[in-house]
Amino acid sequence: MSRSAQLRVSRTKGIPVPNAYVLALLGEYSSWSFDEERAPLFRGRWRDEAFAGLPVTTALDVEMGTGNGTHFAHRSALHPERALLGFELRYKPLIQSIRRALNGGQANARIARYNAALVQELFTPGEINDVFIFFPDPWEKGRNHKHRLIQDEFLTELHKAQRPGSRLYFKTDSADYFAWSCQRFERSLYKMEVKTTDLHKSEYANQNFITQFERIFLRQGLPIGYACMVRD
């Protein structure tokens, strides 16, 4: 079985007894949310069609794994001049994310249910700008490292999808995952701009938006690893 096939997610429309969040994805929020069948249809057309109404020259940023959407809503509100597309696999946080943004009045936010590792299926070369990957599943056990989002192949495809001068932002509470990821960042086509194993004790702390998950980790005394890469 190919890696692409392994990364497929179950079809939303095939769920026999959809819950309220599934129904919201397909119904109430369908103008702003896209299931795994619709999302790849916008490849190369996100600005023109998914964000219709915004100038086609608008920067298109991406958040991979929005969680419950606190950063997603914050970022879309902070930069209304930029489009923000989120990806999330779980139905409840997916709807929570887009609902937070819409309740805040943001017309520049959209979200899709899709595995972000399949970036080449979602974007054409040079289609997107900044990318945020905050607190992805660390898959701590060694035999599960193959499931981690940050892989050499993924970074190659993401680099292709981003425009020159764009940035990739990464945060994690897992020291092991941070070390793993930085090894791959440093041997990728990206240029490492910032790297710190303890964000909140660094000079970058005052520029950081603390997500809800991040607050939990901070209360537990866990240092947050943070890296920022530039796409030359």
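Student: Are Phe 170 and Phe 185 buried or exposed?

Tutor: Both Phe 170 and Phe 185 are buried. Keep in mind that this is a predicted model.

Student: How is a pair of aromatic rings described?

Tutor: Two values describe a pair of aromatic rings: the distance of the centres and the angle of the planes. Now take a case. The ring centres of Phe 170 and Phe 185 are 5.4 Å apart. Their planes stand at 70 degrees, so this pair is edge-to-face. Phe 170 belongs to strand β6 (residues 167–172), and Phe 185 to helix α8 (residues 175–186). The pair links distant parts of the chain, 15 residues apart.

Student: How many aromatic pairs does a search of the whole structure find?

Tutor: The search finds 13 aromatic pairs. One of them joins Trp 46 and Phe 123, with 6.3 Å from centre to centre. The angle between the planes is 45 degrees, and the pair is tilted.

Student: Which parts does the pair of Trp 46 and Phe 123 tie together?

Tutor: Trp 46 is in helix α3 (residues 46–50). Phe 123 is in the loop between α6 (119–122) and β5 (131–134). The pair therefore ties together parts 77 residues apart in sequence. Trp 46 is buried, at 0% relative accessible area. Phe 123 is buried too, at 3%.

Student: Which residues do ring pairs link into a cluster?

Tutor: The cluster holds Phe 34, Phe 42, Trp 46, Phe 87 and Phe 123.

Student: What lies over the face of Trp 180?

Tutor: Arg 184 does, at 3.4 Å from the ring centre. Arg 148 also has its charged end over the ring of Trp 180, 5.0 Å from the centre.

Conventions
Residues are numbered from 1 along each chain as its sequence is written. This is a predicted model: local features need pLDDT of at least 70, side-chain atom pairs count only at pLDDT 80 or more; totals for chains, interfaces and linings use all residues. Side-chain values use heavy atoms; hydrogens and water are left out. Rings of Phe, Tyr and Trp (its six-membered ring) pair if their centres lie within 6.5 Å; planes under 30 degrees apart count as stacked, over 60 as edge-to-face and the rest as tilted. Helices (H or I, at least four residues) and strands (E, at least two) are DSSP runs, numbered from the N terminus. Buried means under 20% relative accessible area, exposed over 50%, partly exposed in between (1.4 Å probe, protein chains only). A charge sits over a ring if NZ of Lys or CZ of Arg is within 6 Å of the ring centre and within 35 degrees of the ring normal.
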